[in-house]
Amino acid sequence: AADVAWKALSFALLTPGTILLLRFFLSRHSDDVIADAQIAKALLTTVPGILSVVVGAAVLAAITGLEVTGLMAIGLAGADGKRLGARQALLFALTNAPRVLGLTAHMVVRVLAGLLPFGLGGGLVYLAFLRHHDINYYLARRPPEFWVATLLVAGLSAAFLALLLRTVVRWAFALPIVLFEKVPPRNALAESRRRSDGDRGVILATVAGWG
């Protein structure tokens with residue numbers, strides 16, 4: 001019940017923002033329809049687009065963090081032999097929202113900073129191999145430079161995924177440390193890294209199975 005209620009609330013909050021963002025992009029183009037490549041260019045090469053990506057990532061991370069906060073409260077109450085209802089779980093999440101938002105903000109900023117070198121690498125691959133034609137040309141014809149670019153981007157993506165998984169495992173305990181031990185967000189990330197040392201294989205397998 002708590003999970004469904006939070007998802008409904010999130011949907012109600014996110015839908016207007018998404019519509020406004022789409023209207024903003026449409027208003028900057030004379031055409032009635034904008035293609036995927038135009039949307040990607042607007043998001044990745046303009047200041048409003050980049051800010052939209054950053055804010056969107058932060059909002060999604062915060063919503064997910066608050067949802068998990070409520071579920072953690074239910075789980076902890078159950079471990080103590082108590083029953084916490086959906087309303088109480090939502091109130092617990094909202095009460096702890098400032099600390100959760102602080103933690104997710106730290107996480108988003110650090111992940112985006114780690115993503116920057118890979119984004120620059122992808123941009124260099126595009127400039128070196130794919131800037132002479134529209135993306136649909138490369139998808140239809142698939143010339144040699146398309147395959148070279150694909151392999152390079154796949155390598156960058158694999159490296160980023162490995163770094164992201166390593167980061168997720170090291171930060172696995174940060175949220176409960178913030179919620180139930182009242183540790184500041186920045187210190188919680190460092191404490192989570194310390195506590196996960198030696199058990200990261202188990203944590204990774206657990207997170208993967210949960211996913």
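Predicted model: local features only at pLDDT ≥ 70, side-chain atom pairs only at ≥ 80, totals over all residues.

The second largest pocket has a lining to which helix 3, helix 5, helix 7, helix 8 (174-181) and helix 10 each supply at least two residues. Helices here are DSSP runs (H or I, at least four residues), numbered from the N terminus. Residues are numbered from 1 along each chain as its sequence is written, and side-chain values use heavy atoms, with hydrogens and water left out.

A pocket, on a 1 Å grid over the protein atoms alone, is an open set of points with protein on both sides within 12 Å along at least five of seven lines, whereas a cavity is a set of points where a 1.4 Å probe fits but cannot get out; lining residues have an atom within 4 Å of a point. A volume is the space filled by probe spheres set on the points, which are joined across faces, edges and corners.

The second largest pocket holds about 1,000 Å³ of space. It is lined by 27 residues, and those closest to its centre are Thr64, Met107, Val168, Trp171 and Trp210. Its lining divides into 22 nonpolar, 5 polar and no charged residues, where Ala, Val, Leu, Ile, Met, Phe, Trp, Tyr, Cys and Pro count as nonpolar, Asp, Glu, Lys and Arg as charged, and the others, Gly among them, as polar.

Two of the helices in that lining, helix 7 and helix 10, also pack against each other. How far apart are the axes of helix 7 and helix 10? The axes of helix 7 (residues 144-170) and helix 10 (residues 200-210) lie 9 Å apart, and the packing angle is about 105°; axes are lines fitted to C-alpha atoms, for helices over the stretch in contact, and angles run from 0 to 180 degrees between N-to-C directions. Helix 7 and helix 10 are therefore roughly perpendicular, a word that covers 65 to 115 degrees, with angles under 35 counted as roughly parallel, over 145 as roughly antiparallel and the rest as oblique. Leu165, Val168, Val169 and Arg170 of helix 7 meet Arg200, Ile203, Leu204 and Val207 of helix 10, contact meaning heavy atoms within 4.5 Å.

Let me turn to another pair. Helix 3 (residues 47-79) and helix 4 (residues 86-95) have axes that come within 8 Å and cross at roughly 125°, which makes helix 3 oblique to helix 4. Among the residues that make this contact are Leu66 and Gly70 of helix 3 and Ala89 and Ala93 of helix 4.

These four residues are also part of the lining of the largest cavity, together with Ala2, Trp6, Glu67, Leu71 and Leu90. The largest cavity has a volume of about 40 Å³, and helix 3 gives the largest share of its lining, with 4 residues.

Finally, the largest pocket contains about 1,300 Å³ of space. Of its 31 lining residues, Ala40, Leu44, Gly119, Gly122 and Gly123 are closest to the centre. Helix 5 contributes the largest share of this lining, 12 residues, and by class the lining has 22 nonpolar, 7 polar and 2 charged residues.
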